[in-house]
Amino acid sequence: LMNDFNFLKKTDDGVVLVVKLTPNASKNEIQGYCQDYVKIRVSAPPNENKANKKLLDFIRDWLSLSKSSVELVSGDKSRDKKILIKKIQYDELVQKICLYDKINT
């Protein structure tokens, strides 16, 4: 069942996470997920790349990764984003998403 998530793609560089971002939220959080994306809210506004930066910082903190391990690969100006996450195993990322969901629901 774990491999049914469309929002995670294994690549040679790492795992690509598909995110639907909501800027200007009251707090930074993972709101949940569906088949195609993980919903993440950040407190930053969408202008001047602030929401993107906040999103990447949030993912780094959540996964305890370095700055160079998390990068935005597409969706710079869109709410639909693809984030490349290096130095993490696919299964570990799935576990963290499911665990986060359990803790916060």
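## Overall fold

The chain contains two helices and six strands. In sequence order these elements follow the pattern β-β-β-β-α-β-β-α. The structure is a predicted model.

The C-alpha trace spans about 35 × 30 × 25 Å along its principal axes. A compact globule of 105 residues would have a radius of gyration near 13 Å, and the chain agrees with this because its own value is 13 Å. Of the contacts with a sequence separation of 6 or more, 47% are between residues 24 or more positions apart.

## Surface and charge

Of the 105 residues in the chain, 40% are buried. The chain exposes about 6,200 Å², and carbon and sulfur atoms supply 47% of that area.

There are 19 positive and 14 negative side chains. The centres of these two sets lie 5 Å apart.

## The nonpolar core

In soluble globular proteins, nonpolar side chains tend to be buried together. The largest nonpolar core in this chain has 30 residues. Those with the most contacts inside this core are Leu8, Leu17, Ile40, Ile59, Ile83, Ile85 and Leu93. At least two core residues come from each of strand 2 (15-22), strand 4 (38-41), helix 1 (50-63), strand 6 (80-85) and helix 2 (90-103). Helix 1 gives the largest share, with seven residues.

Ile85 shows how residues from separate parts of the sequence meet. Leaving out residues up to four places away in sequence, Ile85 touches Gly14, Val15, Leu17, Ile59, Leu63, Leu65, Ser69 and Leu93. Among these partners, Leu17, Ile59 and Leu93 are also listed with Ile85 as residues with the most contacts inside the core.

## Ile40 in strand 4

Ile40 lies in strand 4. Its relative accessibility is 0%, so Ile40 counts as buried. Apart from residues up to four places away in sequence, Ile40 touches Val19, Lys20, Leu21, Thr22, Glu29, Ile30, Gln31, Leu55, Phe58 and Ile59.

Ile40 and Thr22 are 18 residues apart along the chain, and their C-alpha atoms are separated by 6.3 Å. Phe58 and Ile40 are also 18 residues apart in sequence, with 9.3 Å between their C-alpha atoms.

Ile30 belongs to strand 3 (residues 29-33). Ile30 counts as buried because its relative accessibility is 8%, which is under the 20% limit for a buried residue.

Phe58 is part of helix 1. With a relative accessible area of 13%, Phe58 is buried. Beyond residues up to four places away in sequence, Phe58 touches Asn28, Glu29, Ile30, Ile40 and Tyr100. Ile30 and Phe58 are 28 residues apart in sequence, and their C-alpha atoms are 9.4 Å apart in space.

## Gly32 in strand 3

Another residue of strand 3 is Gly32. Gly32 has a relative accessibility of 6% and therefore counts as buried. The C-alpha atoms of Gly32 and Leu65 are separated by 21 Å, and these residues are 33 positions apart along the chain.

## Two loop residues with positive phi

Asn24 is in the loop between strand 2 and strand 3. Asn24 is not a glycine, yet its phi is positive, at about 55°. Asn24 is exposed, with a relative accessible area of 51%. The limit for an exposed residue is over 50%.

Lys87 is in the loop between strand 6 and helix 2. Lys87 is a residue other than glycine and has a positive phi near 60°. Lys87 counts as exposed because its relative accessibility is 65%.

Key
Residues are numbered from 1 along each chain as its sequence is written. This is a predicted model: local features need pLDDT of at least 70, side-chain atom pairs count only at pLDDT 80 or more; totals for chains, interfaces and linings use all residues. Side-chain values use heavy atoms; hydrogens and water are left out. Helices (H or I, at least four residues) and strands (E, at least two) are DSSP runs, numbered from the N terminus. The radius of gyration is taken over C-alpha atoms; the globule rule is 2.2 Å times the number of residues to the power 0.38. Buried means under 20% relative accessible area, exposed over 50%, partly exposed in between (1.4 Å probe, protein chains only). Contact means heavy atoms within 4.5 Å. Accessible areas come from the Shrake-Rupley method with a 1.4 Å probe; for residues, only the protein chains shown count as cover. Lys and Arg count as positive and Asp and Glu as negative; His and the chain ends are not counted. The place of a charge is taken as NZ of Lys, CZ of Arg, CG of Asp or CD of Glu. A nonpolar core is a set of buried Ala, Val, Leu, Ile, Met, Phe, Trp, Tyr and Cys residues joined through side-chain atoms within 4.5 Å.
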